[in-house]
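Try each task before reading its solution.

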Amino acid sequence: MIRRPPRSTLFPYTTLFRSLEAKKRMEDEEIKRLAALRRQEKMEEKLARQRILEQIERDKQARKEKFAPSSVAQSSKILTVSEVVSTVSADVSKKEYVETRLQIRLTNGQTLIQSFGSKEELAAVRLYIEMNRTDGSNPFSLMTTFPKKIFTEEDMEKPLYQLGLVPSAVLIVTKSCS
């Protein structure tokens, strides 16, 4: 048997308010549940961060104990500043380059790139330029920009390493006045 709703005129009105109250109550419960979940997540993140920081401190202590030799051995390994500078300068001066790479910029803007032996004379580079240049056959001189230096006829007989063109350098071809 189907039950009929009461004939009261207030029925739709009261059920409307009841459903709004229930809906509001459900929303409040959902908000409280989400807030509690958020608080729990924050607490877990804080604990995880604390565990990580503690692990970092333990690692630092272990590293310090591992790499800290006894004070007697440590005092024998201390170098003076002059000893350190001399060993570093000796390492730097030991580096001898066999080859140099030159980038040669011609007067027309073209670039030639070639490797030469570091003990070859600058005259060999001049000969290479004369044979491979595409900007005409006018007389030219060679120069570097940094440090700015214009090479003379005397420099043509010097090796590239003495001219500071090792391990690599840029030579610029300029029109010669003579």
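**Exercise 1.** Find how many bridges join strand 3 to strand 4, and which way the two strands run.

Solution. Step one: three bridges join strand 3 to strand 4, and the two run antiparallel. Strands here are DSSP runs (E, at least two residues), numbered from the N terminus, and two strands pair if DSSP finds at least two bridges between them. Step two: look at Met 143, which stands opposite Ile 150 in strand 4. Step three: follow the chain across the turn, where two residues lie between strand 3 and strand 4 in a hairpin.

A word on the source: this is a predicted model, in which local features need pLDDT of at least 70, side-chain atom pairs count only at pLDDT 80 or more, and totals for chains, interfaces and linings use all residues. Residues are numbered from 1 along each chain as its sequence is written, and side-chain values use heavy atoms, leaving out hydrogens and water.

**Exercise 2.** Find which residue in strand 5 stands opposite Leu 142.

Solution. Step one: strand 3 is joined to strand 5 by four bridges, again antiparallel. Step two: the residue opposite Leu 142 is Val 173.

**Exercise 3.** Decide why strand 3 counts as largely enclosed.

Solution. Step one: take buried as under 20% relative accessible area, exposed as over 50%, and partly exposed as in between (1.4 Å probe, protein chains only). Step two: five of the six residues in 140–145 are buried, so strand 3 is largely enclosed by the rest of the structure.

**Exercise 4.** Is Glu 153 buried or exposed?

Solution. Step one: locate Glu 153 in the loop between strand 4 (148–150) and strand 5 (168–175). Step two: its relative accessible area is 60%, so Glu 153 is exposed.
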